[in-house]
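Biologist: I have a model open and would like to go through it. Can you show it first?

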Amino acid sequence: MQISPSILAADFANLQAELEAISNADWAHVDVMDNHFVPNLTLGLPVVEALLRVSPLPIDCHLMIADPDRWAPGYAEAGAGSVTFHVEAAADPQRLARSLRAAGARAGMALKPATPWAPYADLLPELDMVLVMTVEPGFGSQRFLADQLPKVAAVRESVRRYGGQVWVQVDGGVSADNIEQCAQAGADVFVAGSAVYGAADAAAAVAHLRELALPHSHSA
Ligand code: DX5
Ligand code: ZN
């Protein structure tokens, strides 16, 4: 069970300190938005490179961008430990996942709430993680979409049948109120923005979320 706090909810003027505040987490989730794939703009490769120089945690890049085939490998080459592209935006997901792995990153593939899993299940051998969005991508602090839990369960079932090690991540509105449901459905990597950085003590919030998810672990 891994916790990946989203720095989208952190103080962008103090990102180094904000990363240090969550050093008990497993990853730092960095939301890259291009004002094209989603109607919001956050940060890009130069800022990710700067974060990589100071982060106590590996970086989990969530690319909400158009044309990831062209741009995503640069984040892997820069040293991001995990790079997740949206399947809706990718021209050739299989080839892109292979190039992310070749550049030394874990390859992640994300699905928007309206995107079904079944058509992509055959891609599992190319992937290290599947991200099931539990909000419409673009903004933090939105309401958790519980209707995505069956998709989480379907991805977990595909992973079980495939037999490989593929993580299942949930992102969007994840909090102490629903992380157990997410874990029960089969998620094992939990992104939380406002639930961590909105708390008085970010590290305590990370520890609490982990404690809630842990009893529902389904991995060996
Ligand atoms: C949404 C982002 C999420 C989001 C998480 O587009 O991908 O990572 O910022 O923030 P919360 O936990 O506040 O929904
Ligand atoms: Zn995200």
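Modeller: Below we go through the ligand, one histidine and some helix packing.

Biologist: What should I know before reading the numbers?

Modeller: This is a predicted model, where local features need pLDDT of at least 70, side-chain atom pairs count only at pLDDT 80 or more, and totals for chains, interfaces and linings use all residues. Residues are numbered from 1 along each chain as its sequence is written, chains are lettered from A and ligands numbered from 1 in the order in which they are written, and side-chain values use heavy atoms, with hydrogens and water left out.

Biologist: How many residues surround ligand 1?

Modeller: There are 20, and the closest are Asp31, Gly138, Asp171, Gly193 and Ser194. A residue is near a molecule if one of its heavy atoms lies within 4 Å of it.

Biologist: Which polar side-chain atom of serine 194 or aspartate 171 goes with which distance to an oxygen atom of ligand 1?

Modeller: For serine 194 the distance is 2.6 Å, and for aspartate 171 it is 2.7 Å. Serine 141 has a polar backbone atom 2.9 Å from an oxygen atom of the ligand.

Biologist: New topic. Where does histidine 216 lie?

Modeller: Histidine 216 is in the segment after α8 (202–213). Helices here are DSSP runs of H or I with at least four residues, numbered from the N terminus.

Biologist: And what does histidine 216 touch?

Modeller: Leaving out residues up to four places away in sequence, histidine 216 touches Met1, Glu180, Ala183 and Gln184; contact means heavy atoms within 4.5 Å. Its side chain also makes a polar contact with the side chain of glutamine 184, at 3.4 Å. A polar contact is a pair of N or O atoms within 3.5 Å; within protein, one must be able to donate a hydrogen and the other to accept it, and residues adjacent in sequence count only if both atoms are side-chain atoms.

Biologist: On to helices. At what angle do α2 and α3 pack?

Modeller: Helix α2 (residues 45–54) and helix α3 (residues 68–78) pack at about 20°, with axes 10 Å apart. That makes α2 roughly parallel to α3, a label for angles under 35 degrees.

Biologist: Which residues meet there?

Modeller: Leu45, Val48, Glu49 and Leu52 in α2 meet Gly74, Tyr75 and Ala78 in α3.

Biologist: What about α3 and α4?

Modeller: The axes of α3 and helix α4 (residues 93–102) come within 9 Å and cross at roughly 15°. So α3 is roughly parallel to α4.

How values were computed
Axes are lines fitted to C-alpha atoms, for helices over the stretch in contact, and angles run from 0 to 180 degrees between N-to-C directions. Helices (H or I, at least four residues) and strands (E, at least two) are DSSP runs, numbered from the N terminus. Angles under 35 degrees count as roughly parallel, over 145 as roughly antiparallel, 65 to 115 as roughly perpendicular and the rest as oblique.
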